[in-house]
Amino acid sequence: MATTTDRARALAAALLAALLAACAAPTITDEEELGRRASTEVRQHVLVLHDDIVASYIDDIGQRLVQASGPQPFEYTFTVIEDDTLNAFAVFGGNIFVHTGLILRVRNVSELAGVLGHEIGHVVHRHMAENYQRARSAGLLRNAAVIGSAIGGINPGAVDLLTGFGTQGILNTFGREAESQSDEFAVELLPRAGYDPNGIVTMFEGMTMSETQRVPKFFTDHPASAERTAHTRGLIEAKQLPPNLKKDDNGKLEIIQHRVRLLTKQPERTR
């Protein structure tokens, strides 16, 4: 009988084969299949927070943003991971993962929506597919043995390699242009969904090294340089924003944060 490790290796090998098989950039159909496999792989290495109330809250915000994005080729899912690091990331095909550490550290719903909007931007602009094609052009095949070895040992670093858990993730390491494009997308998206886009800037400005004595994980994967922050602020200032955009949500976020702390046994934080 196949063991869990054997099945995980077979799944990872199949994902690697899919990554290396085609000469062209992945089609929408390819990306959907890669998304299903990558999402399964992620779930095998993380602790999903199985709570309907928290899950529904995050999904409601995410789907509201997706709806405001216009027609999409992918069906988006938003999954909460029990992890205290400040992070969120997308894998292929509209599968977006949100850490409890992010939920606990945002100061209002516009900051949370800003992060989700940014990740949706990576999916909409198919940045992972672009990275995939660039990796192939750069000779990813030459690294197949190293990648396969890491996956075969069920090293958590293999998840980094394929889905962007870490800064070395080939497919989820985005350059300045991709980050800027996703920021610009979020600035346009949030007002259409009814959220204040200034949450994007305050997210950049508020989460500093002094909070955890190290760079938050989200900013390791998505560097928030002063130039990037200023550019995003300038985009917002140049827009004629509609009135009554949502910054807070009448205490709902605070209730969810309290619930997450109880579920994950995290202490109350001082702001």
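How many helices and strands does the protein chain have?

## Overall make-up

The protein chain has 14 helices and 3 strands. The model is predicted. The protein chain runs to 271 residues, and 49% of them count as buried.

## Nonpolar cores

The largest nonpolar core holds 46 residues. Ile61, Leu65 and Leu102 have the most contacts inside it. A second core is separate and has 8 residues. Among them are Val42, Val46, Val48 and Phe89.

What does Leu102 contact beyond its neighbours within four places in sequence? The list is Thr85, Leu86, Asn87, Ala88, Leu112, Val115 and Met203.

## Packing of α3 and α14

Two packed helices are described by the angle between their axes and the distance between the axes. Helix α3 covers residues 52-68, and helix α14 covers residues 252-264. They pack at an angle of about 140 degrees, and their axes lie 10 Å apart. Because of that angle, α3 is oblique to α14; the cut-off for roughly antiparallel is over 145 degrees. The crossing of the two helices is left-handed.

Which residues meet here? From α3 come Ile53, Val54 and Tyr57. From α14 come Lys252, Leu253, Ile256, Arg259, Val260 and Leu263. By class, this contact has 7 nonpolar residues, 2 charged residues and no polar ones.

## Pro191 in α9

Pro191 lies in helix α9, which spans residues 176-193. Is Pro191 buried or exposed? Its relative accessible area is 12%, so Pro191 is buried; the cut-off is under 20%.

Leaving out residues up to four places away in sequence, Pro191 touches Ala186, Pro197, Lys239, Leu241, Pro242 and Leu245. Ala68 is 123 residues from Pro191 along the chain. The C-alpha atoms of Pro191 and Ala68 are separated by 9.0 Å.

## Glu31 in α2

Glu31 is found in helix α2, residues 28-45. Why does Glu31 count as buried? Glu31 is buried because its relative accessible area is 0%, and the cut-off is under 20%.

What does Glu31 touch, residues up to four places away in sequence not counted? Its partners are Pro26, Phe74, Phe92, Gly93, Arg126 and Ala129.

Methods: Residues numbered from 1 in each chain as written. Predicted model: local features only at pLDDT ≥ 70, side-chain atom pairs only at ≥ 80, totals over all residues. Heavy atoms only, no water. Core = buried A, V, L, I, M, F, W, Y, C linked by side-chain atoms within 4.5 Å. Buried < 20%, exposed > 50% of the residue type's maximum accessible area, 1.4 Å probe, protein only. Contact = heavy atoms within 4.5 Å. Axes fitted to C-alpha atoms, helices over the stretch in contact; angles between N-to-C directions. Helix = DSSP H or I, 4+ residues; strand = E, 2+ residues; numbered from the N terminus. Parallel < 35°, antiparallel > 145°, perpendicular 65-115°, else oblique. Left-handed = near helix turned anticlockwise from the far one by under 90°. Nonpolar A, V, L, I, M, F, W, Y, C, P; charged D, E, K, R; others polar.
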